Amino acid sequence: MERRASSPVPQKSPADVTDAEVRCAVYFGRKGTRDLHQLLRRQRPRRSLRHPGVQNTYHLAYRDIPAILSEHVRGRKSLDFGCGTGRSTRFLRQLGFEVTGVDIAEDMIRKTRELDPAGDYRLTPGDDLSQFPPAAYDLVFAAFTFDNIGGKNNDNKVRILRDLARLLNRDGKLVLIVSRPEIYTHEWASFSTKDFPENQAAKSGDKVRIIVTDHADPRPVEDILWTDESYREVFKEARLRLLGKYEPLARGDEPYGWGSERTIAPWAIYVLNVV
Ligand SMILES: C[S@@+](CC[C@H](N)C(=O)[O-])C[C@H]1O[C@@H](n2cnc3c(N)ncnc32)[C@H](O)[C@@H]1O
């Protein structure tokens, strides 16, 4: 569902651009492919953040990433697989990584280059990662990308994971942030699912719907549900070893109006290496 922009990106003050980036990162970053220009028109600046786009429920996806990466990753060379509009890419860069953002969607790459002309962003048409050197990366990072990789069986995920594993050097790590199935059946600071009771019965590979509540567009977006058990199967098939799994919860002292986040983890973070 791609809607093309008909006008150039409005010129903004630096503060507004930061806010637009926050919004775009949340909006595109989470769920894909709606129009940047519509977003720029609708959203008002709210706050400036050190890591744009990681407030509310997203805060829990990224909060522990610095500690997780410093525990598991040696070296700075990284690839951000499924970079969207570059929220995750810029997050890694701010942590000191040398990072290349890649995405299968031309529109995402175009938009992220508009937002961040200094960044290194590459298009990977048809999942083809052959432009990247094998065994060269200390970290391959994928934030929410696997929520959008379809297929009822394991094939797509296993094929992509194998391709990503080939890019890792001997000590390289793959870090995935994914949605836990519970996100589609509860209420959150950034999401609502109460209008989609059918999500309750969803199995791995089924489409699920969710509304992102902390931006102006109330239309539901679609993800592919994938359970922890199914992730573990595809990791095994892709010959990846699970080194760590994290399910961050809110602590209660954050400046956000939490929904279920204090008792149910919305995200899972997997750290893997090659067997
Ligand atoms: C939900 S967005 C996440 C964006 C970003 N990582 C973030 O956290 O803001 C998922 C992105 O993955 C991209 N994507 C999905 N399948 C992909 C694939 N096979 N190869 C590369 N990118 C892919 C989509 O185009 C989309 O931009």
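The structure is a predicted model, in which local features need pLDDT of at least 70, side-chain atom pairs count only at pLDDT 80 or more, and totals for chains, interfaces and linings use all residues. Residues are numbered from 1 along each chain as its sequence is written.

**View 1. The protein chain as a whole.** The protein chain contains eight helices and ten strands; helices (H or I, at least four residues) and strands (E, at least two) are DSSP runs, numbered from the N terminus. Of its 275 residues, 43% count as buried, where buried means that 20 or more other C-beta atoms, placed from the backbone, lie within 10 Å of the residue's own.

View 2. Strand 7 (residues 207–212) is joined to strand 8 over four antiparallel bridges; two strands pair if DSSP finds at least two bridges between them. V208 lies opposite D223 of strand 8.

View 3. Strand 2 (residues 98–103) pairs with strand 3 (residues 120–123) in the parallel sense, over four bridges. T100 has D120 in strand 3 as its bridge partner.

**View 4. The buried side of helix 7.** Helix 7 (residues 155–167) comprises 13 residues. Its buried residues are K157, I160, L161, L164, A165 and L167. They cover an arc of only 145° around the axis, which puts them on the same side of helix 7; the arc is taken from the directions from the helix axis to the C-beta atoms. Among the elements they pack against are strand 1 (77–81), strand 5 (168–179) and helix 8 (228–237).

**View 5. L174 in the largest nonpolar core.** This core has 62 residues, of which V140 and L174 touch the most other members. A nonpolar core is a set of buried Ala, Val, Leu, Ile, Met, Phe, Trp, Tyr and Cys residues joined through C-beta atoms within 7 Å. Leaving aside residues up to four places away in sequence, L174 touches V140, L164, A165, L168, L240 and L272.

How values were computed
Buried ≥ 20, exposed ≤ 12 C-beta atoms within 10 Å, placed from the backbone. Expected span 1.5 Å × (residues − 1). Contact = placed C-beta atoms within 7 Å.
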